[in-house]
Amino acid sequence: MKLVLALLQQMSVFLVFAYLFSKSPAFRPLTSENLRPSQKFLLYFVFSTFSILGTYFGLPVKGAIANTRAIGAVLAGIIGGPFFGVAVGLSRGLHRYFLGGFTAFACGVSTTAEGLFGGLIHLFLLRTGHSDQIFSPKIAFVVTFYAEMMQMVSILLLAHPFGAALDLVQAIALPMLLANSAGAALFISIMRDQKNMYDEFGAIFSAKTLKVAERTLGILVRGFNPETAKEIAHIIYDETGVGAVAITDREQVLAFIGLGAEHHQVGFPIASQLTMRAIRENRIIYADGVSEHFVCTRASSCPLGSALVMPLRVDDEVIGTIKLYEPKHRLFLNMNRTLGEGIASLLSDQLLRSRYEEQKNLLVKSELKLTQAQINPHFLFNTLTTII
């Protein structure tokens, strides 16, 4: 019981670190589906630090260390995948191995296996369509519980003498199973709550979509041309804060505001393969800058690295695109992606309504001309009849 309380006390230190981490800029990449290499390295450092602290804060028991090291390795795998989990688990396993003790080798192997186990659970959740469960406290608890059971089995199989290993497992198994599992669940709960807060910003950004719609409401009435496109691009650039905004028709650039404007000039024909795909396939094309990069064909020194290309449709016919860009050093946030898609949808609706009004006016004019054409002969024949 004393060991359980001691490990829970140690776990509370982890929770303080988890809270501070969730409030730091280092946590923000976790709200994105894709991570850049620099962001992965930063998160590797963070989770490795958690594991090291778990070892150093551990309690000596029967020639070994009762600790909460598993939390960092397992969560690294659950959140980042197998490679990430193994990287954290292996490096922290080597660290534990060089600290010595009759369980050094067993703990080194088991810590690596725990990271791999967490990573395999990550893959399972993705492939079964349950990616929303990655930040589930229940999943973290169960996975860490089984991971710690693996560690106990590793100690029994790999640590010698067997009698000492059995005595150790009997002493630390239950406390470590409970403390590490509960700690992982609370840790992931803190991170999930903070992630949900970031997601709520998406709702705020959706409200910005309505503001953009309000500001652009009277512009497209004047048609879809370079003048109106420039006004709309300025509004989107102001409201989203992205690196650059471009608007095209099916053939050329109508407006470009932001980074790279010196070589993305108005009037130039469309050169981006992403834009051509969006027009040809009539769908949103997203180059996140990680799995797929935006490659500028006009200048090798272009600072832009990611792009969201959204077709503008009228009656399901693509008449142009809106493009949002971010520079190479900045992550394309999911919030801006959602905002951009909402803006494109609303502007398409406005274009449709504008065309409907235009067709309605043309119909009214046609009806008036038809009536006039019918009235003129009528009066002419009446006049001739009167003269006769």
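Reader: Which residues make the nonpolar surface patch of about 870 Å²?

Author: Leu90, Leu94, Tyr97, Phe98, Phe105, Val109, Val153, Leu157 and Leu158 make this patch. A patch takes residues with over 30% relative accessible area and no salt bridge, joining nonpolar side chains (Val, Leu, Ile, Met, Phe, Trp, Tyr) within 5 Å and like charges within 9 Å. Areas are Shrake-Rupley values with a 1.4 Å probe, only the protein chains shown counting as cover; a salt bridge puts a Lys or Arg side-chain nitrogen within 4 Å of an Asp or Glu carboxyl oxygen. The model is predicted, with local features needing pLDDT of at least 70 and side-chain atom pairs 80 or more, while totals for chains, interfaces and linings use all residues. Numbering starts from 1 along each chain as its sequence is written, and side-chain values use heavy atoms, without hydrogens or water.

Reader: Is phenylalanine 105 buried, exposed or partly exposed, and why?

Author: Phenylalanine 105, in helix H5, is partly exposed because its relative accessibility is 47%. Buried means under 20%, exposed over 50%, and partly exposed in between (1.4 Å probe, protein chains only).

Reader: How do the residues lining the largest cavity divide?

Author: Ten are nonpolar, four polar and two charged. Nonpolar covers Ala, Val, Leu, Ile, Met, Phe, Trp, Tyr, Cys and Pro; charged covers Asp, Glu, Lys and Arg; the others, Gly among them, are polar.

Technical notes:
Helices (H or I, at least four residues) and strands (E, at least two) are DSSP runs, numbered from the N terminus.
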